[in-house]
Amino acid sequence: MIHLLTEWFAQAQGWLFQSVIEPGLFHAGLADFLDDAFEGTEWFLIGLCELLLVFLVLRPLEALMPVHGFTDRRARWNDFLYTLLHRLGFFPVLVFFTVDPLMDHVAGWLRLENVRPFNLENLAPDMSPLVSFAIYFVVLDFFDYWFHRAQHQFRWWWGLHSLHHSQQDMNLWSDDRNHVLDDLLRDVYLALVALAIGVPPGQYVLLVSLSRILQSLQHANVRVHFGRIGERLLVSPRYHRMHHAVGQGHESKGTGSLGGCNFAVLLPIWDIVFGTANFAPGFARTGVRDQLPRTAPDGSPVPGRDYGRGFWRQQWLGVRRMVEFARRRAG
C-alpha cells in the first residue's frame, strides 16, 4: 500500500513538473532553477495532501466537539489564507529563493573546507530508517522547543510572534498564522540544525510534514485531550491551548512580563524537564492581554491594541510592534 501511494505521488510530481512548472520556468527565463524546482514541486504536493487530510479529519471534529463558538467568522478564513500561502503559495516560493540557496551555500562551503557535518546515523551504522527517523524527530523537536522559548523571551521577537497568539478564535488553520519574518527565522534555524546532524533530505520532508499535521491538531477548536499519560507524551489541543491562554500561557504568572508555559512544539517532555509544563485541566480563553479592552485609572475605557484583521495589515502591524518593543527594551 505504501509502495503504491509512493508511486502515485511520484507520478503526480513528475506530471505537474513537466506539464506546468518546467514550461513556466523556461518561459520566465529561470531554467537554471529546474533542479531545485523539482524538489519544490514535491513540497507543493505534500502541502496539498496535508490540507486535504487536515480538513477531512479536523473540520468534522471541530463541528462535533468545539471548545467555543466563533465570535468572528472571518477569523477562520483569514487563518486559512495563511495556510494556503504557507503550504502552497507565497511562502514556499520565498523559501525557494532565500532559505534553499542559503543552505546550498552553507553545504558547499562545508565541503570546500572539508568539514563533514555530524551524522547521528554514524553512531550506529546498522540503525533502521524508522529508528533514525524517531531520533531526528526528537532532536529537532528539542531545538524547536528552545526556538519557541526565544520567541517569548526577547521583546522584539515577541513583537512578531504575538501575531500568532492574537487569534481569539483558534481553529485548525491557526498554526500557520505567523509573521513571514518569524517563519523565515524558524525555517533557517531548523534547516541549519538538520544540516548539522545529517538529516537526509527525504526524511526531513517527512519530519516537517508530520510536525505540521500535528500542530494543526494542536490549534484546532476541539475539546480533546490525551489523558493523564498521553498528555505527557504528545502535545494535545488542550495542552497547547494553555500556551495560548490570556494572562497565563505567554506571560510570567500573569504579570504581563514575558515568560509563560507549555512551549513544547510536539513533545511535552521538554516542558517537564525544564520546568515550563502546565497540565491544568480546562480549555482556556485565547488571545493576548494587550488586545483586550481595559479601564484606565480614571475610569475611562481604553481600547485594546489593534492586531489587524487582514493578512497585510497583520504583517505591517507585526513589524511596527517589533520596532516598538525593541526600542522599549533599549530605553
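I began with Leu172, which counts as buried at 1% relative accessibility. My cut-offs are under 20% relative accessible area for buried, over 50% for exposed, and partly exposed in between, with a 1.4 Å probe and protein chains only. Leu172 sits in the loop between α7 and α8. Helices here are DSSP runs of H or I with at least four residues, strands are runs of E with at least two, and both are numbered from the N terminus.

Before going on, I noted that this is a predicted model, where local features need pLDDT of at least 70 and side-chain atom pairs count only at pLDDT 80 or more, while totals for chains, interfaces and linings use all residues. Residues are numbered from 1 along each chain as its sequence is written, and side-chain values use heavy atoms, with hydrogens and water left out.

What does Leu172 touch, not counting residues up to four places away in sequence? I found Val54, Phe55, Leu58, Arg59, Glu62, Arg76, Ser216, His219, Ala220 and Asn221. Contact means heavy atoms within 4.5 Å. I also checked Leu58: it is 114 residues from Leu172 in sequence, yet 6.7 Å away in space, C-alpha to C-alpha.

Next I looked at Arg59, which is in helix α2. Arg59 is partly exposed, with a relative accessible area of 26%. Its C-alpha atom is separated by 7.3 Å from that of Leu172, 113 residues apart along the chain. Leaving aside neighbours within four places in sequence, my contact list for Arg59 reads Val54, Arg76 and Leu172.

**Helix α2**

That sent me along α2 itself, residues 34–64. How far apart are its end C-alpha atoms? They are 45 Å apart, which agrees with the 45 Å that 31 residues should span at 1.5 Å a residue. The expected span is 1.5 Å times one less than the number of residues.

I did find a bend of about 30 degrees in α2, at Phe55. The bend is the angle between axes fitted to the seven residues ending there and the seven starting there. The buried residues I listed in α2 are Leu34, Ala37, Thr41, Leu45, Ile46, Gly47, Glu50, Leu51, Val54, Leu58 and Glu62. Val54, Leu58 and Glu62 were also among the residues that Leu172 touches.

I went to α7, residues 155–165, where 9 of the 11 residues are buried, so the helix is largely enclosed by the rest of the structure. The buried ones are Trp157, Trp158, Gly159, Leu160, His161, Ser162, Leu163, His164 and His165.

How do α7 and α8 cross? Their axes come within 8 Å and cross at roughly 110 degrees, with α8 covering residues 180–197. That makes α7 roughly perpendicular to α8. Axes are lines fitted to C-alpha atoms, for helices over the stretch in contact, and angles run from 0 to 180 degrees between N-to-C directions. Under 35 degrees counts as roughly parallel, over 145 as roughly antiparallel, 65 to 115 as roughly perpendicular, and the rest as oblique. On the α7 side Trp156, Trp157, Leu160 and His161 meet Leu181, Asp182 and Leu185 of α8.

**Other spots I looked up**

Val199 lies in the loop between α8 and α9 (201–219). At 11% relative accessibility, Val199 counts as buried. I have Val199 touching Tyr136, Ala194, Tyr204 and Leu207, not counting residues up to four places away in sequence.

Glu231 is in the loop between α10 (227–230) and α11. Is Glu231 buried or exposed? At 4% relative accessibility, Glu231 counts as buried. With residues up to four places away in sequence not counted, Glu231 touches His225, Phe226, Ser236, Arg238, Tyr239, Pro268 and Phe279.

Asn262 is in the loop between α11 (237–243) and α12 (269–273). Its phi is near 55 degrees, a positive value in a residue other than glycine. Most residues other than glycine have a negative phi. Asn262 is buried, with a relative accessible area of 0%.

Trp146 lies in helix α6, residues 129–151, and is partly exposed at 33% relative accessible area. The C-alpha atoms of Trp146 and Phe263 are separated by 8.3 Å, with the two residues 117 apart along the chain.

**Whole chain**

Last, I noted the totals. The chain has 13 helices and 2 strands, and 44% of its 331 residues count as buried. Of the contacts with a separation of 6 or more, 71% come from residues 24 or more positions apart.
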